[in-house]
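Biologist: Hi, could you walk me through this model? I'm new to reading structures.
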Amino acid sequence: MERRLSQLGLLPGNKVRIIRSAPFRGPLLVEVDGREIVLGRGVASHVCVENL
Amino acid sequence: MRIALVGQPNCGKSTLFNQVAGYKAETGNFAGTTVNYKETKLRILGEVAELVDLPGTYTLLGTNPAERVVLDYFIDKKVDVIVNVIDATHLVQGLILTLELTELGLPIVLAVNMMDEASRQGIKIDGENLSELLGIPVFPMIASRGQGIRETFTESWRAAKNGRTVDPAKYRLEIEQAVEHIRKQIPESDFRISRRAVAIKLLEGDPALNAKIAVDYPEITSDVQEKADRLCHLLSRQAVWLVAAERQNLARKIAAQIAEQGESYISLRDRLDDYLLHPFWGYVFLFLIIGVFFLAVYGIGGAIEGPVLDFFEGFSERVSSLLNGSGLLSQLISGIIQGISGGLAIVLPYLVPFLLGLGFLEDIGYLTRIAFLMDALMHRMGLHGKAIVPFILGYGCSVPAIMSTRIMEERRDRFLSAALATMIPCAARLSVIFGLAAFYLGPWVAASIYFYNLLVIAVTGRIITKFMPEDSPGLILEMPVYRMPTLRTVTAKAWFRIREFVFEAWPILIIGSAVLALLNFYSVTPFLDQLFRPFTYLLGIPAEVGTPLIFGIFRKELSLIMLAQAFGTTQFAAVMTPEQIISYTVFVVFYIPCLATMVTIKNELGWKDMWLITGLSLVVALAAALVVRLGLMLV
């Protein structure tokens, strides 16, 4: 999973913007480096972020 | 000479490949359309070269079987030049892969694709500067319109002839020292890719390459481990992260130097997702879009089916009265006519609008939106949203659907989504649902069958999940931007499948129909019918459908086309009650995958899983049809 995230640009130190989330505990849509990525809740809960 | 097309998912490699090869590769606006490589011959400056379209991958360190193909290809086969395609609107990500490719020590030509999209977004790219910074030739390209293709391939031919390679990018000192240390120990000429690339991949922890080294050069393995640990200790991150971060920084620096963000012209498309992915309206639109699509297929197909069936019915009667009677020849000819009319009246009228519509939804980028909206529901059946790709491809044909399970990382997910995707009614079963149930009983019956199908799949998924608990972390998927599909790509894609029906399936339908006429003539069918008698008895449907069900395993359309032969008429409403039609259709939708699908499952997952899925489908088909029968009896 870590590799998968790093491939899509989710590397430590990068800025992430949450665009929207699907209802019923559905996935999040986030933007990294201008690319939109869908992250399931399970995955997203493993990503540590800091509020900017 | 061999030219390899490499690029990230959804950057347009397959579109480029199809421009060159005619329509041979599947394309679509989502990640993972190409799961295996395809080859074609290409003539450049009077010489024949071989062009390979490799699956899209974010890095060479693939995490799923589809992505693994790329690095394995470079290790196993001799490649003379790489044509690296990147998406001009996602330069940073694209360049990360480009930097990794330059390490391989092969000549590279870079094609910056989707320049039209970039200029719409106000992105200006300085190609000359990019070429200078990377040290490789760079060409702008709009693959969907065929622009820049000739220049790119002519240059790649030259690059291959010169054998011109580039100096790979340098990383920070600690990494370079580790790489250099390992590189020196790797024997010369043992790999087709540069020793530096091998060393980096070993440090990054590529499982296949590390396993190979462990067997051939066990002494290097311990060294790699030591260096990786040391890097981890020094810089407090694993080597794979360190290298990824280095490449990203370099790519960002390059992109900042060569690209300029001007004023963007799109606003409507950006806002589209506010509606289509809205927590409430998103589902309303999903329902509407699927509903309109469904009614369009029904409307167009139904308008054609009736008249064409009538025409062939009359034609068949005239022929049989001409040959006067029930002799072998007359039976055989009417069997052949039924095979022809089945394809023309029942299959094609629904297949053509269906494939055009599906292709349009695929190319515009709506499928990933469906995955986003449906992820929560998919979790209920033990899968994540990524499995929506095989599901949706399954509505076209089960074979590509099962192949596309390769985009999943976990074997359990691959099995489960393959098992469930085979139960999605493919275009062949669509003809049974529309040609039989909808045609005689109305569109709502067909819609209900589709809905019921999803319900049964969800329940089945839930039950299997009880035995195989979900352990995958879930969905990680790139959201593609909306793209207006060109008429050419959509029609070409539909034609790809229609051609398959016309030239491969239709002859089988005609032969099957004729064979059934023979079997009828010599009264063999009652014996065949007995094979399926336990099922037909339980479902309360006529015993004569046994033979069409057996032939349906070869081609699903046969279970409808041969019904005409089995009953001796195409007026099915006269020989079957509405309840029987529904039970039969439901059973056909689920039971035993067709032969081509079974072979694909065997290739992808092995014999054991193939039999497991086949057995499962039979159990599910019986249960689903029985529930329907009992339900209809109560009403």
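This is a predicted model: local features need pLDDT of at least 70, side-chain atom pairs count only at pLDDT 80 or more; totals for chains, interfaces and linings use all residues.

Biologist: What about the overall dimensions of chain B?
Modeller: The C-alpha trace spans about 85 × 50 × 50 Å along its principal axes. Also, 50% of the 635 residues of chain B count as buried. Buried means 20 or more other C-beta atoms within 10 Å of the residue's own; exposed is 12 or fewer, partly exposed is in between, and C-beta atoms are placed from the backbone.

Biologist: Let's switch to the sheet. What's the strand order?
Modeller: It's an open sheet of six strands in chain B, β2-β3-β1-β4-β5-β7, with mixed pairing. Strands pair if DSSP finds at least two bridges between them. The edge strands are β2 (38–44) and β7 (138–140) of chain B, each pairing on one side only.

Biologist: How do β1 and β3 of chain B run, parallel or antiparallel?
Modeller: They run parallel, joined by four bridges. Ala4(B), for instance, has Val52(B) in β3(B) as its bridge partner.

Biologist: And which way do β4(B) and β5(B) pair?
Modeller: In the parallel sense, over six bridges. Here Val85(B) has Ala111(B) in β5(B) as its bridge partner.

Biologist: Where do the residues of β5(B) point?
Modeller: Ile108(B), Leu110(B) and Val112(B) point one way, Val109(B), Ala111(B) and Asn113(B) the other, and all are buried. In a regular strand the side chains alternate between the two faces of the sheet.

Biologist: Why is helix α18 of chain B called largely enclosed?
Modeller: Nine of its eleven residues (the helix is 411–421) are buried, so α18 of chain B is largely enclosed by the rest of the structure. Among the buried ones are Arg414(B), Phe415(B) and Leu420(B).

Biologist: What do they pack against?
Modeller: The buried residues of α18(B) pack against α16 (388–396), α17 (398–403), α20 (443–467), α28 (595–605) and α29 (607–634) of chain B.

Biologist: New topic: how many residues of chain B are in contact with chain A?
Modeller: 28 residues of chain B are in contact with 30 of chain A. Contact means the C-beta atoms, placed from the backbone, lie within 7 Å. On chain B, the elements giving two or more residues to that side are α3 (91–102), α11 (239–258), α15 (366–380) and β9 (476–479).

Biologist: Which strand of chain A is joined to β9(B)?
Modeller: Strand β3 (residues 35–39) of chain A is joined to β9(B) by four bridges, and the two run antiparallel. Glu36(A) stands opposite Met479(B) there.

Terms used:
Residues are numbered from 1 along each chain as its sequence is written. Chains are lettered from A and ligands numbered from 1 in the order in which they are written. Two residues are in contact if their C-beta atoms, placed from the backbone, lie within 7 Å.
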